[in-house]
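Here are my notes on the model you sent over. Have it open while you read, and tell me where you disagree.

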Amino acid sequence: MTTLDIIRTEVTSPSVPAPRGHFSHAVTAGDFVYVSGLLALDDTGAILHPGDIQAQTTTILEALESILETAGSCPNHLIRLTVYVTDIHQRAAVSALRAKRWPGVRPASTLVEVSALAAEGAVIEIDAVAIH
């Protein structure tokens with residue numbers, strides 16, 4: 001058996017509300033940044049813009065940028081996004097917001113429709129993997 005000497009570091013961004021559970025905003029391991037699923041939360045942990053996928057997406061993308069920056073990365077270094085939505089018909093709106101905010105950044109992506117997310121009023125959650 002071989003032991004891998006990979007440095008693992010938990011990342012917490014001071015400009016993003018604290019996680020609502022036993023996890024960190026992100027973890028770096030080797031050259032990678034693994035960002036936990038993000039919801040559009042305020043500082044108390046309440047959902048911002050309940051039911052509004054455009055406003056929630058914008059809030060999440062801003063939080064993702066902050067977390068990546070704290071981890072020493074940026075949106076240009078994204079290699080994978082997973083997007084969870086409660087209404088698959090909102091796919092085009094989410095895609096348009098991503099393209100507008102990050103023109104030319106096209107990570108491997110998966111979009112999944114789910115019946116519900118971890119907080120009432122949440123309509124989108126995004127997790128990510130980037131290089132740092």
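1. Ground rules first. Helices (H or I, at least four residues) and strands (E, at least two) are DSSP runs, numbered from the N terminus. On that basis, A63 sits in helix 1. This is a predicted model, where local features need pLDDT of at least 70 and side-chain atom pairs count only at pLDDT 80 or more, while totals for chains, interfaces and linings use all residues. Residues are numbered from 1 along each chain as its sequence is written, and side-chain values use heavy atoms, with hydrogens and water left out.

2. Six strands form an open sheet in the order 1-2-3-6-4-5, with mixed pairing; two strands pair if DSSP finds at least two bridges between them. Strand 1 (8-11) and strand 5 (108-113) are the edges, each pairing on one side only. From one strand to the next the twist averages 10°. (Angles run from 0 to 180 degrees between N-to-C directions, and axes are lines fitted to C-alpha atoms, for helices over the stretch in contact.)

3. The antiparallel part. Strand 2 (residues 26-29) pairs with strand 3 (residues 32-38) in the antiparallel sense, over four bridges. Two residues lie between the strands of this hairpin, and G30 there has a positive phi near 60°. On its other pairing, strand 3 runs antiparallel to strand 6 (residues 124-131), joined by five bridges. In that pairing L38 stands opposite I126 of strand 6.

4. The parallel part. Strand 4 (residues 78-85) and strand 5 run parallel, with six bridges joining them.

5. T28. This residue belongs to strand 2, and its bridge partner in strand 3 is V33. Is T28 buried or exposed? T28 is buried, because its relative accessible area is 9% (buried means under 20%, exposed over 50%, partly exposed in between, with a 1.4 Å probe and protein chains only). Leaving aside residues up to four places away in sequence, T28 touches I7, R8, T9, V11, V33, A71 and H132; contact here means heavy atoms within 4.5 Å.

6. Helices on the sheet. Helix 1 lies across strand 1, strand 2, strand 3, strand 4 and strand 6, running at about 25° to strand 6. Helix 2 also packs on the sheet, where it touches strand 4, strand 5 and strand 6, and its direction makes about 150° with that of strand 4.

7. Helix against helix. The axes of helix 1 (residues 53-70) and helix 2 (residues 91-101) come within 10 Å and cross at roughly 40°. The two are therefore oblique to each other (under 35 degrees counts as roughly parallel, over 145 as roughly antiparallel, 65 to 115 as roughly perpendicular, and the rest as oblique). Helix 1 supplies I53, Q54, T57, T58, L61, E62 and E65 to the contact, and helix 2 supplies A93, V94, L97, R98 and R101.

8. Back to A63. With 13% relative accessibility, A63 counts as buried. Which residues does A63 touch, not counting those up to four places away in sequence? They are V16 and L38. The C-alpha atoms of A63 and I124 are separated by 13 Å, and the two residues are 61 apart along the chain.
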